[in-house]
Structure formats: structure tokens, C-alpha cells
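Here is my note on this model. Please read each point with the structure open.

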Amino acid sequence: MDFFERFLIPHPSPIIYASMAAIVLTTIAIIVGLTYFKKWGYLWREWLTTVDHKKIGIMYLISALLMLFRGGVDAIMMRAQTSMPENTLLDAQHYNEIFSTHGVVMIFFMAMGFIIALMNFVIPLQIGARDVAYPRLNAVSFWLYFMGAMLFNLSFVIGGSPSSGWTSYFPLAGSELSPSVGTNYYMLALQISGLGTLMTGINFIVTILKMRAPGMTLMKMPMFTWSGLITNIIIVFAFPVLTVALAMGTMDRLFGTNFFTTTDGGMDMLWANLFWVWGHPEVYILILPAFGIYSEVISTFAKRNLYGYNSMVASMVVISLLSFVVWVHHFFTMGQGAMVNSIFSITTMAIAIPTGIKIFNWLLTLWKGKIVFTVPMLYSLAFIPIFTIGGVTGVMLGMSAADYQYHNTMFLVAHFHLVIIPGVVFAMLAGLTYWWPKMFGFMLNERIGKWAFSFISIGTCVAFFPMFISGLDGQARRMYTYSESTGFGIWNMISFIGAIGLAIGFILIVYNIYYSTRYASRDVGDDPWDARSLEWATHNPVPEYNFAITPHVNSSQALWDSKKNGHTLFRDGLKEIHMPNNSGVPFVMSVFFFIFGFSFIFSMWITVIASLIGIFACMLHRSFENDHGHHISVEEIKRTESEVRGAKNE
Amino acid sequence: MKMKWVMLASLFTLLAVLTGCEPLLVLDPEGPQAQTQANVIWISIAIMSVIVIVVFAMLAYILYKYRASKQSDSYEPPYIKGNVIVESLIVGIPVLIVIVLSVISVQSNYKVEATPEGYENDEPLVVYASSSDWKWHFSYPEQDIETVNYLYVPTDRPLEFRLYSYGPITSFWIPQLGGQKYAMSDMITTLHLAADNAGEFMGRNANFSGEGFAENTFSVEAMPQQEFNDWVKEVKQTADPLTEDKFNELLEPGHLGQLTFTGTHLEFNPPPQGHHEGHGAGSEGEHNDESSSEHDAHGEHESDSGHADETEENTEHQH
């Protein structure tokens, strides 16, 4: 009896039962559908075993979009619950679970998935490479991320979700104060997907450093690739800290160690420190690729070269260094005294300098341009003012004396949403719309896209500006309810209305994908936006090998130079192309990881050991495997090239 | 274009509300620390507004002037690599702003970590504020009384809160008297406040601490010293003594109303010994001497506590 009881949800509600039913029905529908249409083989050959960076990028994209909706539903429920004083839509426990999973899903599985999706798809194309440096490791990365995400979402229906916040501060998250398995899910799911992210980091550093097309020196890389390089360097330095912290937390919860407990020498704030030593660089892991996307989009649609290329690169390097020395600003109120707070206050505000430089560079890129208001450009232009407000309130939070008043309030919530939404979400939507034709061979509808943009940008402002006010009026964050006398009601109601606006915007994006898939023209050419960098120099859709002939590069906007200044991109003749083989091992190994994580969460040690053996067997298999990839012959390349051309002329 | 106006309008609404008739708690200070913080907030809002307006104006102007629909088809935007003067301006101006803000920030940091301005010569009232799921216990060692979930303090006397927790990390916050500070189970943190005027204020735990977090509040009443003395006298006459059993009962997770006791739990359940007062905080030595004599007085009870292992750290601090 005892064994099965732990899988039950401690606080079931109709929503959870409905989701259980929905999950079971969807799974059945997928299995039946795949069987009926005889797609199992296709799924296995083309997707589950693929090592192609483009397909892996698309799988990241689909997962991230799914997670966006999971996190979005959480958000709507939170705003609905707090829209009125003394509301009883959710009880305290449910509210706590929902804001915890909202944060985890949005940061780890939505934002990270999204940036890695775009890096995967775009960076090898932008540097003229055939794939990433370690294609199979890339597949391992994706499947670990995917299994981590699935494992985390399983907590909703088996055993209960974590409820101590996305930061999961100990001692609250310790086994004494959070006895349910929810926080075990947090520890294991993030550990598994975090390993995947670390591998991505290594993979992309090597890819960018070693696989650039001839002529592309570091200072001739497109800005998105630069941002990817710096992001991945931060990943490699920051993620091991998370790995260690999660391992310590897991041991505290399951093996009775006392790193973070309130007794026996445990240190209350040790987790918080470790978490934010990873957590603050993580903010820049998310935002730097976004800056890269904005640089590409703004320069493309202002029809101008990016202003101040060198200072753009320098400012990213400075941001990456500073990102590691500001973590204490997440707890100025820990009581470390005026001197420590002053040091971290100054380092925090110093980040505003390189960030400000970037904002001015984008403004100067627009200057004397010929600005076209496409959907990606609209997101980039709305990003500048909203992010400026989010950024300057960040500087205000960085003044530690005043932070004693902002800390843990809705003011903080307003700040980081107004940084992350325009900074990351807008960039992802801009990037998605911008690179969509390269991914799928048709454009998203501009009119629906503009409607979605209006709802999302106005919704963001309406949802988060009122929080500045209620925060200064003393509304702490993470309160599931408040009394009418506080006067918070009106501000929270406005926020709820804004959240509905955001929801409508995201539904419109889904509708746009459906609509454009059905009706959009497939005749968009290779370079529909009249862009500047190499990814637009190959065909639509991109052949497996990316470029039939490796391009030669002379500047950071090689394609533009070939269009306007007589630069020749493709000089050599066709040669045989060496490509990596598909492999099912990454998928199988990640399934073992999933079983390992799940059994670990529920302390089922026999399956833990069995799955661990499975994981090592997969690694062993790889070590002794003789796989030199395959070659694509010149005839085959010619055939593929003429087919793509043919398709284009239809 | 319309986005810009929406955003400008929201900004002005925000400013209008901030300056409006019903002041927001944080911007309605009733003590010197909250006053310092409100001043910093106002200064930073002013400087930030200038930055925001400059960026918005530049963006609006550029978008208006250089939009494609306004230009001839043959216009080819120029290739502009960069300009040393422009780039040193966009580096230099933010650097200057950050320097100004840093000076303000550092000065105010030392202010809020010291005995409140204007109260330096008065003996502070020491209150041990400890949290348990989901309550606040206030021990007045000087008066030898203890309250739960409400706090009476005299005006015109500095207040020194020693914060710790019997559970998760919490944050002690009375917005109108000053900003918050964490209460933790393994060390004491010190928060210096003072109330200029009599009145009732909202106090709460601001740091998420589990299921009962939303209702984890307390009320604060500041009153003239004479009234405070009367209240203490009344408590001494009417309230029950706080016993160890009773206190352990109070520590059980849950919510309680307002309670009053004579005696404090400091005698049988002393606070953690690790003291985490910042370096350079005002009059540090004096406070340490005081707490050390107190710990000596209660030294015999230390073995009862689960925090006895902290003594080492304490020794380092005190001697």
C-alpha cells in the first residue's frame, strides 16, 4: 500500500484530474495516429535518431513552444487567483505549486529551450558549417533536455509539484518543511536537463571556434554567432555550479546530509548563494542570444550595417564577466552589511553601462536607415522602450539601501518580467518569425502576426506596470491572497486583464502557424527578407549538408557584400561531402536517464541501479562503436541542388 | 508608433499615481530609515525618468524620420562603421550616471545599516524578533515581556531588531519604518529602525515561507514613551508568564492571533549565537558588548538549544 501511495497527488483538484485525463487521451491519440498513418518508422528515422542540427533545433523549438503554453496556463491561473482580494479559485498550496512550476518551466524549459533551438538552427548556417562539431552529443543534449522537461511536468499528475518557488530556497525546500516528492522532481529534472545544457555549451564553443567558413575571422562573425559564443562560455562556467548545488540538495533531501538544514551545522543561505552564482549568469545566458537576434533583425530591416560592431562585442564580453560578480544583489537583505552590499551594488549598476551601449548602438543602427516594419522588426522595436523601463528599474533595485524596500515585492516581479519578456520572449518571437522561412520554407502571415504582436506588447505593459505600484504599496510577491483593505485589488485586476491580452496574443501566434501552414505561398525564395548573413545564402528548405559549396567570407555581412559589393561567396567546385550518421543511442540513453530520474525521485533504488547500468552501457557502446559517418557523392549533391531549385521555381 | 504613446502614457500614469494623493506605503515614511530609502527611490526615479525619456524620444524621432514609407525607392542607407566621439559619449554618459548612483547608493547603505540619523545618542530599545511558521514572536529583554504577532514601540527612540527564525528564511518588514532584512535559523541579523511619529503600521514576513505565508503579518503601533511604559506596566500586571511548554506549543506550524506574555523565551530558548552584523555598520562594538553580557547571563541554558554548535563562531565574534 505504502509503495503506491507516494505516487498519489497530495492535494488533488478537478484541474489535476482533467490534466490526467488529457495526458492519457493525448498519449492514446498520438499512438493510434502514428500507427494508423504508419509513421513510426518515419518518426524513428527522421527525428528520434537524427543528428542534424536543423532538425534538433526544430525539436527544441516545438518543446519550447509546448512549455511556453504550460507556463502560460500557470501564469493565467496565478493572475486570475490574485485578480480579486480573498479570491478562492486556488488554495495556498496550489498557488504555491503553480508559481513554482511557472518559474521553472519558463526559465529552464521554455527560455532555455528556445534560445538553444535558435542557436542550433542558425549558428552552423551563419558560420557556413555543415553541422555542429559533435552532432551526436547535440542529440544527447536535446534528449536530456526533453526528458528533463517531461519528467518535471510529470510531477503535476504523479506525486505532486514542487511548491517552494522556482528558486527552491532551502531550508524551506528541505525534506522537513517540504516532505512531498515535488522538490525531488525539481532536483532531478533540472539535473538531467542541466547536463544536456552543459553539453550544448561545450559543443557550441567548439563549433564556433573550429568550424567557421574560410575568411570568417572572429571579428567577422555575425552578431548572433558572437552572442552564441559568449553565451555558451557562460554556460560552461555557470552550469557546473547548478549541478553541484542540485546534487547537494538531492543528498540533503534523500540521504540526510545537512548542507542546507536548520540544524546540525547546515547553512540557511548556502543554497541561495550557490543558486544565484549560477542564477545570475543564467539571466545573461538567456538575454545575450536575444541581443544577438535583435542585432540581426534591426540591421536587416533598417537596411543598414550594425553600428559599432566592435563595441557590441566588447560590451557582451564585459557583461559576461560582470554577470559572475553580482549574485549577492539577489539577497542584499541577508544582513552582510554595508560594505559587501556597496560592492555588489556598484558591480550591479555597472552592468547598465555595457547594456546601455548596446541600446544606443541599436538606435544608431536605425539612424539613417530605411526602416521596414515587419513582424520581427516590430518585436525588436518594442523591445527597446519596454526593456529600457525594465532595465532602469533594475538599476533602481541595484541600489541596495532602497532594495530593502523593493526586495520580495511585486516591484521586483514587475522588473524581471519587463526584462525577460521583451528581452527574451520578444526576441524568440522575432527570431521565430525571422527564421521561420528558413526552417519551413514559407513565411508566417504578417497581418495575423501584427495582431499577435499588438496583443503581446500591450498586454505585457498592462500586466506588469501595475505591479510597480502595488509593490511600492507593500504587496509581497508569492502571496496567494490579500485582504480588501490593502487596496491591492485594482492593480491586480489590471494585471489580470493584461495577462488575458498576452494569452490572446499567444493564441493568435498558434493560429498564425496553422493558417500559414495551410495557406502561405511556398514560393518565397532563399532570401525573403533581403538579409545580410550566410544562413540566407543557402536554399529553402536547407539541404541536409547546408551548403553544397563552402562559402568564402570577407566581412560580418558576407551575403550583403555578395549582393551589393561583388563579393563571390561560392568559389570552389562541388566536392564529396562527409556527414555524420544517425544514431538511436542518444534517445535510448536519455530514456534510461528518464527512468533513472523517476526512480530516484521515488527512492526506488533497484530501478535506479538498473537504469544507471543502461546509461553506462550506452556510453560503452559509443566508445567501442566504429562509425565514420557517410559521404554524399557529387551526383547526389547535384540532384538535390536541382530539386531545390526546381521547387523554388514552381 | 502607437506603442510609444501607449508606453509614454503608462509612464506618466505611473508617475502621476506615485505622486498622487494616496501615498504608497514605501513612499510614505514614518521613520528616518524609511525616509532615507524613500529619498533614494525618488532620486533614482528622477534620474531614470530622464534616461527613459531620452531613449524614447530618440527612438520615436528615428522611427519617424527614417521609416521606409517616407523615403524614395532609390535611397540606399549608408555604411557607417562607428565614430570615436559618438561611441565615447555613449560609454561616458552611462559611466557618469553610474558613478553618481554609486555614490548615493554607498552613502545610503551605511545610513540604513547604522543607528538612525538623529537618534545616535539615545539608548536603543532592543527587540528580538523571531519567526516560526507562520507567526512573529517579539521578545523585549529590557522590559522582560513577549508578544506574538504585534509590536508596540516607543517613538523617538532608536529600535534595534535582532532577527532569527525557527524555520525557513523569513524577512522582517515594516515598510513605513524601513526596509526588510532576513531572519535565519543559524544566525542573528540586526535591523536598525526608529519611528518618528505615533501611528499604526503594517508589518509582515516578505520572504516566501510556505503554505501560511500570505497571512504571516503583524501589526506595529508606535506611541510616545510614556504610553509605552504604561503598556509595559499593564502587561506585567495582566499577562500570563511564558513557559517553555507554552512556547513550544506556539512554535507549532499554524496561525495565531495576538498574544501577550510576561518573561521572554530568550531565557530557555536562546537565539542562535552566530551574529552577522555587517562590517562597518555603526556602533558595532557597543552592541556586541551588550549582547555578549546577555549571552553570559543566559549561558547556563545554552546546552538546551539546538544551536549550541554555533558557539565557536560566536567566540570569534565576541572576543
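1. A:Lys303 counts as buried, because 20 C-beta neighbours lie inside 10 Å. The cut-offs: buried means 20 or more other C-beta atoms within 10 Å of the residue's own, exposed means 12 or fewer, and partly exposed is in between; C-beta atoms are placed from the backbone. A:Lys303 has a positive phi of about 55°, although it is not a glycine. Look for A:Lys303 in the loop between helix 9 and helix 10 (309–322) of chain A. Helices here are DSSP runs of H or I with at least four residues, strands are runs of E with at least two, and both are numbered from the N terminus.

2. **Ground rules.** This is a predicted model; local features need pLDDT of at least 70, side-chain atom pairs count only at pLDDT 80 or more, and totals for chains, interfaces and linings use all residues. Residues are numbered from 1 along each chain as its sequence is written, and chains are lettered from A and ligands numbered from 1 in the order in which they are written.

3. A:Asp264 is not a glycine, yet its phi is positive, about 55°. Most residues other than glycine have a negative phi, and most peptide bonds are trans. A:Asp264 counts as exposed because it has 10 C-beta neighbours inside 10 Å. Its place is the loop between helix 8 (223–255) and helix 9 (270–301) of chain A.

4. **Cis peptide bonds.** One joins A:Phe170 and A:Pro171, with omega about 0°. A:Pro171 lies in the loop between helix 6 (135–154) and helix 7 (182–210) of chain A. Another joins A:Asn540 and A:Pro541, with omega about -15°. A:Pro541 sits in the loop between helix 17 (489–519) and helix 18 (558–564) of chain A.

5. **Helix 6 against helix 7, chain A.** How do the axes of these helices cross? They come within 8 Å and cross at roughly 160°. Axes are lines fitted to C-alpha atoms, for helices over the stretch in contact, and angles run from 0 to 180 degrees between N-to-C directions. That makes helix 6 of chain A roughly antiparallel to helix 7 of chain A (angles over 145 degrees). By class, their contact has 16 nonpolar, eight polar and no charged residues. Ala, Val, Leu, Ile, Met, Phe, Trp, Tyr, Cys and Pro count as nonpolar, Asp, Glu, Lys and Arg as charged, and the others, Gly among them, as polar.

Terms used: Parallel < 35°, antiparallel > 145°, perpendicular 65-115°, else oblique.
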